Amino acid sequence: MSRLRIYDEAHPDQPLGVHTRLEDIARELGDVGVRFEQWEASAPIAPGASQEEVIAAYRADIDRLMREEGYQSVDVISLAPDHPDRAALRRKFLSEHTHSEDEVRFFVAGSGQFTLHLRGKVYDVLCEAGDLIGVPDGTPHWFDMSESPYFVAIRLFSNKEGWVANFTGADIAERFPRMEPSAR
């Protein structure tokens with residue numbers, strides 16, 4: 001189940017609010033400039049489907065977003081719990097950072113946790129299959145995929161070369177809850 005927890009940045013022990021209704025999550029995130037949508041495949045996707053098959057199943061929503069936001073490319077990334085580099089890949093984005101372009105992810109399968117630091121608050125978003133999140137460029141955030149990662153995600157880019165993590169040096173991510181392994 002998708003979930004948004006909102007915290008005061010100084011109080012990681014107690015959320016100010018917890019939302020699980022998709023319309024509430026979209027509204028709260030929209031109020032701070034973050035896109036949150038639900039997509040449905042236009043065709044069934046078999047386990048192990050190719051990148052082309054996954055993109056084809058979501059082509060209408062991908063094209064709409066590319067038109068609206070000017071994204072130039074799309075790809076599919078996946079990670080399984082048995083990946084030999086899963087710990088290193090997890091650590092790569094666990095600290096607060098920004099990007100010089102939007103970070104747009106649609107979860108085809110599995111889950112991931114985006115945590116955003118905006119306006120004195122922390123927005124902890126558990127994204128599940130069917131969720132799209134669009135984090136605007138320059139937004140301080142971190143991403144967790146748990147110790148046992150599992151996800152298939154569509155990524156949209158304006159410029160893949162611009163998608164580099166610029167770490168803020170803040171330790172705020174260490175104070176907030178990490179993602180728990182999902183029970184698939």
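Predicted model: local features only at pLDDT ≥ 70, side-chain atom pairs only at ≥ 80, totals over all residues.
β4 contributes the most, with 3 residues. The space in the second largest pocket comes to about 220 Å³. Its lining divides into 11 nonpolar and 2 polar residues, with no charged ones.

Now for the largest pocket, with a volume of about 330 Å³. Here 19 residues form the lining, and I77, F93, M145, F151 and R155 lie nearest the centre. Two or more lining residues come from each of β4 (73-79), α4 (86-92), β6 (103-118), β9 (141-144) and β10 (151-157). β6 gives the most to the lining of the largest pocket, with 4 residues. By class, this lining has 11 nonpolar, 4 polar and 4 charged residues.

## Nonpolar cores

Let's turn to the packing. The largest nonpolar core has 25 residues, and the members that touch the most others are L29 and Y123. Elements giving two or more residues to this core are β1 (3-8), α1 (22-30), β6, β7 (121-128), β8 (131-135) and β10. β6 gives the most to this core, with 4 residues.

Leaving aside neighbours within four places in sequence, Y123 is in contact with L4, R5, I6, E28, L29, V32, F114, T115, L116 and L118. Another core, of 19 residues, lies apart from the largest one, and its members include Y58, I62, M66 and L156.

## Salt bridges

The side chain of R35 meets that of E37 in a salt bridge (2.5 Å, N to O). R35 is partly exposed, at a relative accessible area of 23%, while E37 counts as buried, at 16% relative accessibility. R35 also forms a salt bridge with E69 (2.8 Å, N to O). This second pair joins distant parts of the chain, with R35 in strand β3 (residues 35-38) and E69 in helix α3 (residues 59-69), 34 residues apart. E69 counts as partly exposed, with 37% relative accessibility. A network of salt bridges links R35, E37, D61, R64, E68 and E69.

Elsewhere, the side chains of R90 and D144 meet in a salt bridge (2.6 Å, N to O). This pair, too, links distant parts of the chain: R90 is in helix α4 and D144 in strand β9, 54 residues apart. R90 is buried, since its relative accessible area is 13%, and D144 is buried as well, at 2%.

## T98 and V164

Finally, take a look at T98, which sits in strand β5 (residues 97-98). T98 counts as buried because its relative accessible area is 17%. Beyond its neighbours within four places in sequence, T98 is in contact with G138, T139, P140, H141, V164, A165, N166 and T168.

One of those contacts, V164, belongs to the loop between β10 and β11 (166-167). V164 is partly exposed, with a relative accessible area of 45%. Its contacts, again leaving aside neighbours within four places in sequence, are T98 and H99. The C-alpha atoms of V164 and L132 are 20 Å apart, and 32 residues separate the two along the chain.

How values were computed: Residues numbered from 1 in each chain as written. Heavy atoms only, no water. Buried < 20%, exposed > 50% of the residue type's maximum accessible area, 1.4 Å probe, protein only. Contact = heavy atoms within 4.5 Å. 1 Å grid on protein atoms, 1.4 Å probe; cavity = no way out; pocket = protein on both sides within 12 Å on 5 of 7 lines; lining within 4 Å. Points joined across faces, edges and corners; volume = space filled by probe spheres on them. Nonpolar A, V, L, I, M, F, W, Y, C, P; charged D, E, K, R; others polar. Core = buried A, V, L, I, M, F, W, Y, C linked by side-chain atoms within 4.5 Å. Salt bridge = Lys/Arg side-chain N within 4 Å of Asp/Glu carboxyl O.
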